[in-house]
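Here are my notes on this one, for when you have the model open.

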Amino acid sequence: MRIKRILAVLTAVLLIAVFSACGKNIVEPDPENKKEIETEKTVQEPEQEETEPEKPEPDSLELLNDNLNSAVSAYSTDGNWAAYVYCLDNGDRASYNDSKMQAASLIKLYIFACVSANRELVDSQGSDTDSLLRSMITASDNWASNVLITRLGKGDSTAGRAKINEYCANHGYSSTHIGRLLLESNAYDDNYTSAGDCVKLLKRAYNGELAGASQLLDLMKQQQRRHKIPAGVPSGVTVGNKTGELADVESDAAVIWAERPYILVVMSENISSPGSAQNAIAAISGDIYNYLN
């Protein structure tokens, strides 16, 4: 009987030891780890709102180009048009359809430049060169222009035209060509230039890089035909311009000595209403002046 009791006690002790050992192998999660796990499950990064990328502010060139294109588009409702503006203070420029067009009397700018570059040759055939140049620029005299062309060719007008064309090619006026005398009929050729070529010539004159530059600018300030580009500029602002007209052409090229000096050339061809085209050039001139000044 006593042995049975001893065995029962030993069995109970053994069972207690076994259960104690099993209990030690059960690992409770660390309270801090549990907290971190729960946080990971519940806390999410806030979603970032999608935003439109900021558009860069348009630069001065873009604004100038927009202004010129808007002005020409608004007023040039008849025929084919071109325009070019060049800011003499910082070199900003803008153009609209800068292509070769009928020059009309704008060709006289290149006649003047070629005569000035060959002054001794022209002076050797007459003492009235300055008078002829004045009439050609201030009054757009066609007779004076043809005399100067002929003298450039030593009495041959065809040779004179060839000399002007050579001058234009050598000086980068790639869209400019004289194919006939002024008022001469020529079914096979004509006189051409572009707004960009006119700007290039006038910029060189303004910078003193053109033979006869000061004389040309002084004569342009005395221009008698002031109803196009000068008409769009306030009366107190100095403007020197050279116009071009045919039955279906209205053009003007000018230097404007405003607070911000600039060059503006506006050309048109194949127009049906010269009066409307003249008003359009004046309106374009006004818009460009107001934008720049």
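Predicted model: local features only at pLDDT ≥ 70, side-chain atom pairs only at ≥ 80, totals over all residues.

1. Start on β7, where valine 85 has leucine 264 as its bridge partner.

2. Between β6 and β7 sit 4 residues, and the two strands form a hairpin.

3. Is β7 mostly covered or mostly open? Mostly covered: 8 of its 8 residues are buried. Tyr262, Leu264, Val266 and Ser268 point one way, while Ile263, Val265, Met267 and Glu269 point the other way. Note that Glu269 and Ser268 are on that buried list too.

4. Zooming out, the sheet is open and has 5 strands in the order β2-β1-β7-β6-β5, with antiparallel pairing. The edges are β2 (93-96) and β5 (238-246); each has a single partner strand, so one side of each lacks a neighbour in the sheet. On average, neighbouring strands are turned by 5 degrees against each other, ignoring direction.

5. Helix α10 (residues 213-221) lies across β5 and β6, and runs at about 80 degrees to β5. Leucine 216 is worth a look here: beyond residues up to four places away in sequence, it touches Leu109, Phe112, Ile137, Leu201, Ala205 and Leu210.

6. On to the packing. The largest nonpolar core has 49 residues, and Leu109, Ile111, Leu201, Leu210 and Leu216 have the most contacts inside it. Helix α4 (residues 107-117) supplies the largest share of this core, 8 residues. There is also a second, separate core of 27 residues, which includes Leu68, Ala71, Cys87 and Ala280.

7. Finally, which side of the cut-off does arginine 180 fall on, buried or exposed? Arginine 180 counts as buried because its relative accessibility is 9%, and buried means under 20%. Arginine 180 lies in the loop between α8 (157-170) and β4 (192-193). Its side chain makes a polar contact of 2.8 Å with the side chain of aspartate 190. Leaving aside neighbours within four places in sequence, arginine 180 is in contact with Arg161, Asn186, Asp189, Asp190, Asn191 and Leu246.

Conventions:
Residues numbered from 1 in each chain as written. Heavy atoms only, no water. Core = buried A, V, L, I, M, F, W, Y, C linked by side-chain atoms within 4.5 Å. Buried < 20%, exposed > 50% of the residue type's maximum accessible area, 1.4 Å probe, protein only. Contact = heavy atoms within 4.5 Å. Polar contact = N/O pair within 3.5 Å; in protein donor to acceptor, adjacent residues only side chain to side chain. Pairing = 2+ DSSP bridges. Axes fitted to C-alpha atoms, helices over the stretch in contact; angles between N-to-C directions.
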